[in-house]
Amino acid sequence: MKYGGKAVQTVAVAPFSPEEFEMIQRLIRTLVGAAVVAAFAGSTAAQDSKVADELAKYREALADGNPADLLEVKGEGLWAEKRGPKNASLEQCDFGLGPGKLDGAYAQLPRYFKDTGKVMDVESRLVHCMMTLQGFTKEQATKNWFSKPGTESDIEALVTFIGAKSNGKPINVPATHPEEKKMYQIGEYIFYRRSGPQDFSCAICHGQNDKRIRLQDLGNLTTKEGAGTAMKTWPSYRVSQGAVWTMERRLIDCMRQARFPEPNYLSDSIVALQVYLQKNATGTVMETPGIKR
Amino acid sequence: MNKKIAITFLCVALTQFAWAEEKTASGKSLSKNPVSAEAEKVFRDSFRVDSPKYWSQRIEQDETMKLCSQYKDNPPVAVRQKIELAQKATIRYPVDGKLLGDWKEGEKIAAHGRGGHIGFIQPDKPMTPRGGNCYACHQLAAKEVAYGTIGPSLHHFGKIRGNSDEIVKYAYDKIYNSNAFSACTNMPRFGLHSWLTPEEITHVVAFLMDPESPVNKD
């Protein structure tokens, strides 16, 4: 892979090491075993709590060796590496706190940026910097915006690194600028907008307390608690997908699950939904990178 | 462009005046989202223009969807009644008139949650059958522990209610068009959208009603 005639060095990172893979496999076996045992034992309520307990244990054990940590290291390398037609690093990229200032930057996004006149989330801002600082075209910068088996994603690695710089910081998106406020309202509109062959909206599953779909707990994203629990752990390693997912990836997949077409990457509706969710989650302390089902 | 937005804002601000006095069923005042028109445009503009037509149709809204969105699924009584009446009129029945199908088929449909996913990233394979995905939201047979709680438990549905013609018809109608009974419910309108065929719905009804079905037996 070459950019601007200069060979690019990337840190070779497998999604996870053989040991970690074995650990995950072992845990999955334990989980399935526990679920089967639960299915034959006791009352429904007892089954429910047993399965929930096992799921909690499973998550806890996984958190000890989060494969996202490796992606974070890769992202740190990419951040400082001179790349692109301009042979420049991303170190001067401004996420709203000043050029190169990353501590707590993720937690205060999306926000309004004067230089573009737009409300941008971490991914749209990152792509903006890859274009302006490094000289990539938008197409080059976003070609692998998410990883597929055999194809890694620089954006995933960079966002994991940038996100981790907000670990322990409270989410802070008050949406006080008029453009941010408007994006919040647009996000709220989309959250409640029903359509498609299943009459879905985000609110159908995420507008009430203490509900679950199958065994998966559903957060009420209209509340601080629900939105906070959901938002604080992104980007997150998803065991079921074998990859780290960014918030854009997550939200675009929500649309797919609702049986809608996929919104474009970096589209305003995805940014608006993030403003809505981050404002609702404001005050919640970040725990990222996360690990999820 | 800015002028256009300004005009939109003005129009929305004016219409908002008319909405100010509306009350929801729970008595809470509800004002329309002040940026609805612009938000709708933002939403529509976020999809690829070269999508197949049947994809784009999935973001279109019928009157019920529009009203439910506007009232955040909690419309005032008059709107609620209007929706329920209109939706009742959409219900169609199988040609042979039989509303009780094969509960074993119904059990499969209730458990099956795939089908109908579109897009470029993870679409379902063409011809993937669409499931009812009932367990996503409802408890049904006691042996299935992985059930959701968005909807009420339907365990012992027939056992509790008996299997009179009225109950059978209610179950069929509710699955065909849930909004005929409770406007803006979370439950999809399976028959109206042809997500399930009338025949498939009769199988799910049998799964709910048949004394031999695990919904009622265990």
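Predicted model: local features only at pLDDT ≥ 70, side-chain atom pairs only at ≥ 80, totals over all residues.
1. Residues are numbered from 1 along each chain as its sequence is written, and chains are lettered from A in the order in which they are written.

2. Chain B has 10 helices and zero strands (DSSP runs numbered from the N terminus: H or I of at least four residues for helices, E of at least two for strands). Among its contacts with a separation of 6 or more, 58% join residues 24 or more positions apart; a contact here needs backbone-placed C-beta atoms within 7 Å.

3. Chain B splits into domain 1 (2–88) and domain 2 (103–217), with bounds from an automatic or database domain assignment. Where they touch, domain 1 of chain B brings 12 residues and domain 2 of chain B seven. On the domain 1 side, α4 (63–70) and α5 (77–88) of chain B each give two or more residues, and α5(B) gives the most, with five.

4. Now the chain–chain contact: 41 residues of chain A meet 45 residues of chain B. On the chain A side, elements supplying at least two residues include α1 (18–40), α2 (44–63) and β5 (211–213). The largest share, six residues, comes from α7(A).

Methods: Contact = placed C-beta atoms within 7 Å.
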